[in-house]
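Please examine the structure shown here together with its sequence. The paragraphs that follow move from the packing of nonpolar side chains to charged pairs and then to disulfides.

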Amino acid sequence: MLHQGRLKDWNPTQGRGLIQRDKAGPDISICSSGFRKKPEQLQNGDSIFFQIEVDSAGQLIAVGAYKAGQHFVPAPDLKKPRLSSLPFQRLLSGLVSLSILAWLGYQSVYLFSAQASLPAMTGTDESAKEHKATVLSDSPVWPPIQTQSLTQFQCEGKQYCTEMQSCEEAEFYLKNCPDVMIDGDHDGIPCEQQHCGRSRF
């Protein structure tokens with residue numbers, strides 16, 4: 001709120017004085033820093049426009065003051081965004097937010113459906129592995145998930161069970177590699193005594 005009063009008891013050396021308000025009320029202290037722009041000359045009786053604040057000591061002081069008839073450059077206004085750009089910025093931020101939410105929703109639904117489609121680990125380990133491989137092969141993940149046997153084992157000339165390190169390796173050789181001698185009874189189960197014996201089930 002803008003008030004008006006008269007300057008009194010002005011001390012130019014100290015740059016301090018009082019303002020006697022035109023309306024009823026106590027005198028207000030003012031100093032040089034309380035002027036927007038200190039006039040070149042100040043003397044008692046000058047008409048002063050001012051605002052009132054409370055300092056750290058709880059005293060009323062005049063701030064933003066200026067002498068009547070004084071010309072000064074007003075404080076520059078803060079730059080505000082152009083009104084024409086606000087709708088576009090809001091639209092852009094809204095589209096970005098919707099895109100992020102849609103992506104998160106898709107990921108959540110996909111992960112939930114993938115977990116729900118995996119069969120419970122019941123029965124033999126071999127049947128569970130076959131079910132899992134079937135589910136993964138139908139999954140729309142790119143690049144496709146390859147089973148461990150296709151990437152871990154290669155045909156390296158092994159022929160006997162004593163050269164195999166695991167049942168998985170023996171099964172890979174039986175299905176994919178020539179000239180192997182690891183299924184003597186031709187029942188489709190290699191290295192039954194060393195690795196793939198039925199006792200392991």
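Setting aside neighbours within four places in sequence, A65 is in contact (heavy atoms within 4.5 Å) with I30, G34, F35, R36, K37, I48, F49 and F50. The model is a predicted one, in which local features need pLDDT of at least 70 and side-chain atom pairs count only at pLDDT 80 or more, while totals for chains, interfaces and linings use all residues. Residues are numbered from 1 along each chain as its sequence is written, and side-chain values use heavy atoms, with hydrogens and water left out.

A65 belongs to the largest nonpolar core, whose 11 residues are L7, W10, I19, I28, I30, F35, L42, I48, F50, A62 and A65. At least two residues of this core come from each of β1 (3-11), β3, β4 and β5 (60-67). A nonpolar core is here a set of buried Ala, Val, Leu, Ile, Met, Phe, Trp, Tyr and Cys residues joined through side-chain atoms within 4.5 Å. Buried means under 20% relative accessible area, exposed over 50%, and partly exposed in between, with a 1.4 Å probe and protein chains only. Helices (H or I, at least four residues) and strands (E, at least two) are DSSP runs, numbered from the N terminus.

Which residues does D46 contact beyond its neighbours within four places in sequence? They are G5, R6, L7, Q41 and K67. D46 is placed in the loop between β3 (28-31) and β4 (47-54), and it counts as buried because its relative accessibility is 9%. A polar atom of the D46 side chain lies 2.9 Å from the backbone nitrogen of Q43. A polar contact is a pair of N or O atoms within 3.5 Å; within protein, one must be able to donate a hydrogen and the other to accept it, and residues adjacent in sequence count only if both atoms are side-chain atoms.

D46 also forms a salt bridge with K67, with the closest N and O atoms 3.6 Å apart. Because D46 lies in the loop between β3 and β4 and K67 in strand β5, this pair ties together parts that are 21 residues apart in sequence. K67 is partly exposed, with a relative accessible area of 24%. A salt bridge is defined as a side-chain nitrogen of Lys or Arg within 4 Å of a carboxyl oxygen of Asp or Glu. Side chains of opposite charge can pair when their charged atoms come close.

The structure holds three salt bridges. In one of them, the side chains of K8 and D27 meet at 3.1 Å, N to O. This pair links distant parts of the chain, with K8 in strand β1 and D27 in the loop between β2 (16-21) and β3, 19 residues apart. K8 counts as partly exposed at 25% relative accessibility, and D27 is partly exposed at 33%. K158 and E169 also meet in a salt bridge, at 2.8 Å, N to O. Since K158 lies in the loop between α3 and α4 and E169 in helix α4, the pair ties together parts that are 11 residues apart in sequence. Both K158 and E169 are buried.

How many disulfides does a search of the whole structure find? The search finds three, a disulfide being a pair of cysteine sulfur atoms within 2.5 Å. When the bonded cysteines of the protein chain are numbered in sequence order, they pair as 1-4, 2-5, 3-6.

The sulfur atoms of C155 and C177 are 1.9 Å apart in their disulfide. C155 is in the loop between α3 (148-152) and α4 (167-176), whereas C177 is in the segment after α4, 22 residues apart. The torsion about their S-S bond is about -90°, so this disulfide is left-handed. C155 counts as partly exposed at 42% relative accessibility, but C177 is buried at 8%.

Another disulfide joins C161 to C191, S to S 2.2 Å. With a torsion of about -95° about the S-S bond, the disulfide of C161 and C191 is left-handed. C161 is buried, with a relative accessible area of 11%, and C191 counts as buried at 2%.

C167 and C196 form a disulfide with sulfur atoms 1.9 Å apart. C167 is in helix α4 and C196 in the segment after α4, 29 residues apart. The torsion about this S-S bond is about 120°, so the disulfide of C167 and C196 is right-handed. Both C167 and C196 are buried.
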